Amino acid sequence: MKIAADRGTCIGAGMCVLTAPAVYDQDDDGIVELLVEDVPPQDAEAARQAVALCPSGALRVLED
Amino acid sequence: MTEAPVLPLHMQRDQFDPVDELGRTRDSGGITMVPSLFGGPPAYLVTRYEDVRAVLSDAEHFSNARTRSFETEDGPQFTEDELEQMRAGQMLAFDPPEHTRLRRMLTPEFTVRRMRRLEPRIVEIVESALDDMERAGKPVDLVSTFALPIPSLVICELLGVPYADRGEFQQRTGRLLDVSLPMKERIAVSRENRKYMARLVEGAKAAPGEDMLGMLIREHGDDLSNDELIGVASLLLIAGHETTSNMLGLGTLALLRHPDQLKRVRDEPDMVSPAVEELLRWISIVHSGVPRTTTTEVEIAGQTIPAGELVVLALPAANRDPSFIEDPERLDIGRGAPGHVAFGHGVHHCLGAPLARMEMHIAFPALLRRFPDLALAVPDDQVDFHTFNAIYGLRSLPVTW
């Protein structure tokens, strides 16, 4: 599974970091960073939930 | 003679529950007209979870900036210049890209990592409030000894506002959010607030500290006007203590009324995070957030709304929408309730949410462990809910142990 994170859209709410800390991080400006290129199966559900919860709509599931 | 103020439908509650009429609206048409918000123009009230999320996600068609909510039946309350000055720095009164510019200056201060660094200090603040409660002896008012002082001190330290001034600004914030006061009086308070903050900003400019005000001046001093600095700081000060404080008071009452769930929050560390989320959903202290104004003709819940109309969101009704969550009227800390809209959604999603979560995460279990026999010190039906407040809360919560 791959995720796309739009750093221009991100508002730094940090929901993704709270929801799936193995997949998402925030840089010093609070903007989303992906920690992995391929989301391992054990983190897929949390990663997907973070996509649904992201307030600014900055995250997308690219492929499963 | 002044008429007794009437509470608009979206603010009406029966204790913790949105009134039946709100639920009926949500479960039938989903949308209804509310005649007037305290003398302002009528508004469309949106109640369903999906619709509320859709409006909050769409800043292009639902604007925070072009708000008509300051209009009253006496006509415009401000000159254009005054409106501009009052709006400066108030993130909630702008749309992207102006909003994005302001918000991005502040996001580094509220990252999850930054909040973790604050954790030890918040623990100290909570423990010291609990010491004060113990010293004062039972019964105490939990609002004035615990729920208010903790977030108030935290935001003062973060922002760089002298905690010694809390008496005056807490009192002003209370009046600003008290919707039973005439709009003119609340506007006068808002001017006093700006004056107070202007003095602080002046001081911080002369000697910027290690706090948020100092950071804004050091790192963004060239991009931010004086009015913007005042606006940003005023918003953070109000938002930082009148919200978490209300959640701590109401959340404690909710747990006292659900003793089995209270025990789990006290005894099972893994239950604290889901409990905080479920309390946020079930209580939904923010009735509606900032009213939006439609920029074009739009459709919500199958109804066409013309351009230039006011749209108000019933957040508590949305958070109890059966299409969002099963058995929504029940408080069930086990489920965690991800996806609630208590912090809003979209680009204006609460900036301070990570801080609020951290404070609640520390404060609830600490309180329940220090006072395992915590109980109401008044009959349950005498708890004083703060009905006429822009953010739902308790006036006081007498407790004993």
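Buried means under 20% relative accessible area, exposed over 50% and partly exposed in between, with a 1.4 Å probe and protein chains only. This is a predicted model, in which local features need pLDDT of at least 70 and side-chain atom pairs count only at pLDDT 80 or more, whereas totals for chains, interfaces and linings use all residues. Residues are numbered from 1 along each chain as its sequence is written, chains are lettered from A in the order in which they are written, and side-chain values use heavy atoms, with hydrogens and water left out.

Q: Is B:Thr107 buried or exposed?
A: B:Thr107 lies in the loop between helix H4 (98-106) and helix H5 (112-136) of chain B, where helices (H or I, at least four residues) and strands (E, at least two) are DSSP runs numbered from the N terminus. Because its relative accessibility is 1%, B:Thr107 counts as buried.

Q: With which residues is B:Thr107 in contact, leaving aside its neighbours within four places in sequence?
A: Contact means heavy atoms within 4.5 Å. With those neighbours left aside, the partners of B:Thr107 are B:Leu351 and, from chain A, A:Ile11, A:Gly12, A:Asp29 and A:Gly30.

Q: How much area do chain A and chain B bury between them?
A: Buried area is the accessible area (1.4 Å probe) that two parts lose on being put together, summed over both. Here 24 residues of chain A are in contact with 16 residues of chain B. Carbon and sulfur atoms carry 53% of the buried area, and the total is about 1500 Å².

Q: Which residues of chain A lose the most area to chain B?
A: Three residues together make up 32% of what the side of chain A buries, and they are A:Ile11, A:Leu18 and A:Pro55.

Q: Which side chains meet in a salt bridge between chain A and chain B?
A: A salt bridge is a side-chain nitrogen of Lys or Arg within 4 Å of a carboxyl oxygen of Asp or Glu. The count between the two chains is one. At 2.6 Å, N to O, the pair is A:Asp25 and B:Arg113.

Q: What radius of gyration does chain A have?
A: The secondary structure of chain A comes to two helices and four strands, running β-α-β-β-α-β from the N terminus on. The radius is taken over C-alpha atoms, and the globule rule is 2.2 Å times the number of residues to the power 0.38. For 64 residues a compact globule would therefore be near 11 Å, and chain A agrees with this at 10 Å.
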